[in-house]
Amino acid sequence: MELLSEYLDLTIFSILGLMSFVVVWLSIERWLFMRALSLPDYQNFDRLTVDLTKHLTTISSIGANAPYVGLLGTVAGILLTFYQIGQSGNVEVGAIMSGLALALKATALGLLVAIPTLMIYNALSRKVEVTQALWRADRETRQGS
């Protein structure tokens with residue numbers, strides 16, 4: 001329990017920080033790719049779709065799992081709080097509430113990572129749909145003329 005007590009916050013916050021860094025990195029890469037995309041260069045719709053959706057699964061997975069990482073930190077923090085209270089033999093409401101309040105910060109940070117990540121994922125997914133529609137419209141126009 002000493003190891004858990006000493007490294008719990010560091011571990012959970014490091015994981016969530018790494019997840020945030022990956023999301024920012026991939027989001028910037030996707031934004032730059034979509035900004036420089038040239039639709040006439042694509043002759044195949046499936047190839048366009050593969051290139052447009054690259055890394056979106058990673059962004060989505062991070063957005064979906066960040067709250068669970070935070071929740072894991074909260075559960076471990078609550079477990080640690082109860083263990084420390086049990087070892088001391090004193091049941092003080094103030095100590096319990098302080099431990100629980102500190103444990104909840106991991107869930108809050110997990111949500112803080114997840115909410116913007118899902119917003120970024122939804123924006124990128126919409127951009128993919130619009131780009132695919134523009135590609136189809138361009139192909140139909142070329143075939144009609």
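How many aromatic pairs does a search of the whole structure find? The structure examined here is a predicted model, in which local features need pLDDT of at least 70 and side-chain atom pairs count only at pLDDT 80 or more, whereas totals for chains, interfaces and linings use all residues. Residues are numbered from 1 along each chain as its sequence is written, and side-chain values use heavy atoms, with hydrogens and water left out.

The search of the whole structure gives two aromatic pairs, where rings of Phe, Tyr and Trp (its six-membered ring) pair if their centres lie within 6.5 Å, and where planes under 30 degrees apart count as stacked, over 60 as edge-to-face and the rest as tilted. The rings of Phe 21 and Trp 25 have planes at 35 degrees and centres 6.1 Å apart, so this pair is tilted. Both residues belong to helix α1, where they are four residues apart, about one turn of the helix; helices (H or I, at least four residues) are DSSP runs numbered from the N terminus, as are strands (E, at least two). Phe 21 is exposed, its relative accessible area being 51%, and Trp 25 is likewise exposed, at 57% (buried means under 20% relative accessible area, exposed over 50% and partly exposed in between, with a 1.4 Å probe and protein chains only).

The rings of Phe 45 and Trp 135 also form a tilted pair, because their planes stand at 45 degrees, with the centres 5.4 Å apart. This pair links distant parts of the chain, since Phe 45 lies in helix α2 (residues 45-52) and Trp 135 in helix α4, 90 residues apart. Phe 45 is partly exposed at 23% relative accessibility, while Trp 135 is buried, with a relative accessible area of 9%.

The UniProt record, in an unreviewed entry, lists residues 46-135 as "domain: MotA/TolQ/ExbB proton channel"; its positions are given in the numbering used here, feature names are shortened, and annotations may be inferred rather than shown by experiment. In the model, this span is 92% helix and 0% strand, and its end C-alpha atoms lie 11 Å apart. For "transmembrane region", the unreviewed UniProt entry lists residues 12-33, 62-83 and 95-121. Residues 62-83 are 100% helix and 0% strand, with end C-alpha atoms 31 Å apart, and residues 95-121 are also 100% helix and 0% strand, with end C-alpha atoms 40 Å apart.

Thr 81, in helix α3 (residues 56-88), is buried, with a relative accessible area of 8%. Leaving out residues up to four places away in sequence, Thr 81 touches Ala 95, Ile 96, Gly 99 and Leu 100, where contact means heavy atoms within 4.5 Å. Leu 100 is found in helix α4 and counts as partly exposed, at 22% relative accessibility.

Thr 81 is also among the residues that line the largest pocket, which include Ser 5, Asp 9, Gln 84 and Lys 105. A pocket is found on a 1 Å grid over the protein atoms alone, as an open set of points where a 1.4 Å probe fits, with protein on both sides within 12 Å along at least five of seven lines, and lining residues have an atom within 4 Å of a point. The space in the largest pocket is about 180 Å³, a volume being the space filled by probe spheres set on the points, which are joined across faces, edges and corners. Helices α1 (2-36), α3 and α4 (93-144) each supply at least two residues of this lining.
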